[in-house]
Amino acid sequence: MTRVVRLVALTAACVLVSAAPAAGVTPRLGEPRVISSFDGKARALESASDASHRAMVVVEPTPSGASRHVVLFRPADGRYRRFELPPPRDPIQQVRLALLENGEGFAAWDDGDRIAVQRWRADGRVDRPFVALESVRPALAADPAAANWGLGSDGSGTVAIAALRPGRGTRVSVQTAIREAGAETFTAAVSVAALAVADVPVMAPVVEPGGAVTVRWRGGAARRPATGAPFAAPVASTWEETPGHEVIGEDAVAVDDLSAATMRGLPRRTRRVTLIGAEATAGPIAIGPALRNLCRMGASGCAEPHRFAWPGVTERLAVLVSAPAPAQAWQWYVAEPGRDGSFVRPRLVSINAGLVPLWGGTPGRVDFAGVDTDGAPGAERDGGRVFVVPYGAGPAIADRRPPQLTFGTHVHTDARAVYVPVWCDEACSVRVRVRVQRPGRRPGRWQPAAALDRDGSYAVRMEPFQTAAIRVRARTTAGTLLRVRVTVRDRVGKAVTSRAVFRAAARPDGAVGWCHAGGRGCT
């Protein structure tokens, strides 16, 4: 999906009410750790991880207006490394990550009429890119901006890629290439079906233990039963175009996504919903009633499910949940398995949809990674750090220090107010007081002020490394002093207060801007 990177106030996020927390210590976000940095603005796009892998894709705009895609991965030595995908012939619609055996993996992306692949090794080496599928159409004919190719993996080395290949007239064929566990490259592309249509959505292949692969498209499917076996003849699918589910039992259905339209269209008798494909690399994902309700209530439903497992029976499901209309914002939730194996008790983790989830080393812990270049209007930073913040309960989420608060120097103004950027490195509550001293006058009283998220809503809670803007109603008159005092408090009650002074001064061009009292950051 096209990621909606937007923050909302906690009051808006809490419209979605999760189930009551389980007994014991309530999970929370912990202290972040910086793993890399970028010179320009960047955002996290995709992630894949398990006990042997950590990998994510970061997108960074270039001065020419295009975007470069960088893969961060952690090899056997535990140190993150990176490589940049080659410049594509056409804008990239989708980048997917696949996990291989021995801690290795690869990134796959659409490059014109090809699906290209680049592999990283356990020792940190990166291979040259190669083509897995060619002469295909990796986007919908009716919507060239919508990716229409799928990648499925069992998480243990078997990977399948599927896309459409245009034929004569309005005919197309469904092509697939498979990388068998332990192989160096993909098999030659195989046509699993010929269709007398000009365009049809292709879904992520389902890869099962033992090498069984099911390639799916809207209205049909083809399956090979085991590693090395040929694909059987395609069969018609009972999958419905709308509302997007397939009946697999008297009261059970299978779904390919968790969109609001799909959840609202389920038969009333439905008691069990199973997600197949998508991120379900560890097998089908059973969705419990509370999570189904969250997806049904949201304006766009749920997206980007990531399932994590640890030795034994511990599992977690991280999923993006959209707020009810008209908020149009997304929040990360984490659910745990219930007695029947379905994921229940979803809990709100973060209102920062720009994060991506990663497998945490401690059972039950999910890490969230992001880039700290998102900011409030006028408060963006030129470069950013890639950070990882853990979510869970117990000693692994111990809070060893107070939060760190930082003021920005790029002060933004409009006709009625001044906006001072500030950010915290943890999930913090925030309290702001300001004092304005006009030229030739005594300082005014300390007054409360509002901290705003990047969408202009009130920042009741600041997310890790996300910039908020302190709004002060003051005119930009040369000589005016603005004193700001901000107190932030983390989840365990540790607090820190920081102060800063800004002054309005004339710039060389004659306009009046704001500078840090120390002489830094004139705007």
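Biologist: Are phenylalanine 73 and tryptophan 120 buried or exposed?

Modeller: Both phenylalanine 73 and tryptophan 120 are buried. Buried means under 20% relative accessible area, exposed over 50%, and partly exposed in between, with a 1.4 Å probe and protein chains only. Please note that this is a predicted model, in which local features need pLDDT of at least 70, side-chain atom pairs count only at pLDDT 80 or more, and totals for chains, interfaces and linings use all residues. Residues are numbered from 1 along each chain as its sequence is written, and side-chain values use heavy atoms, with hydrogens and water left out.

Biologist: How many aromatic pairs does a search of the whole structure find?

Modeller: Rings of Phe, Tyr and Trp (its six-membered ring) pair if their centres lie within 6.5 Å; planes under 30 degrees apart count as stacked, over 60 as edge-to-face and the rest as tilted. The search finds 8 aromatic pairs. Among them is the stacked pair of phenylalanine 73 and tryptophan 120, at 5.4 Å centre to centre with 25° between the planes. This pair links distant parts of the chain, 47 residues apart: phenylalanine 73 belongs to strand β5 (residues 67-73) and tryptophan 120 to strand β9 (residues 114-120). Helices (H or I, at least four residues) and strands (E, at least two) are DSSP runs, numbered from the N terminus. Phe73 and Trp120 form one aromatic cluster with Phe83.

Biologist: Which residues of helix α3 are buried?

Modeller: An α-helix has 3.6 residues a turn, so residues three or four places apart point the same way. In α3 (residues 289-297), the buried residues are Leu291, Arg292, Leu294 and Cys295. They lie on the same side of α3 because they cover an arc of only 160° around the axis; the arc is that of the directions from the helix axis to the C-beta atoms.

Biologist: Which residue does a disulfide join to cysteine 295?

Modeller: A disulfide is a covalent bond between the sulfur atoms of two cysteines. The criterion used here is a pair of cysteine sulfur atoms within 2.5 Å. Cysteine 295 is joined to cysteine 302, with an S to S distance of 2.0 Å. The link is left-handed, with -105° about the S-S bond. Cysteine 295 counts as buried because its relative accessibility is 0%, and cysteine 302 is buried at 5% relative accessible area.

Biologist: How many disulfides does the structure hold?

Modeller: The structure holds 2 disulfides. One of them joins cysteine 424 to cysteine 428, S to S 2.3 Å, and both of these cysteines are buried.
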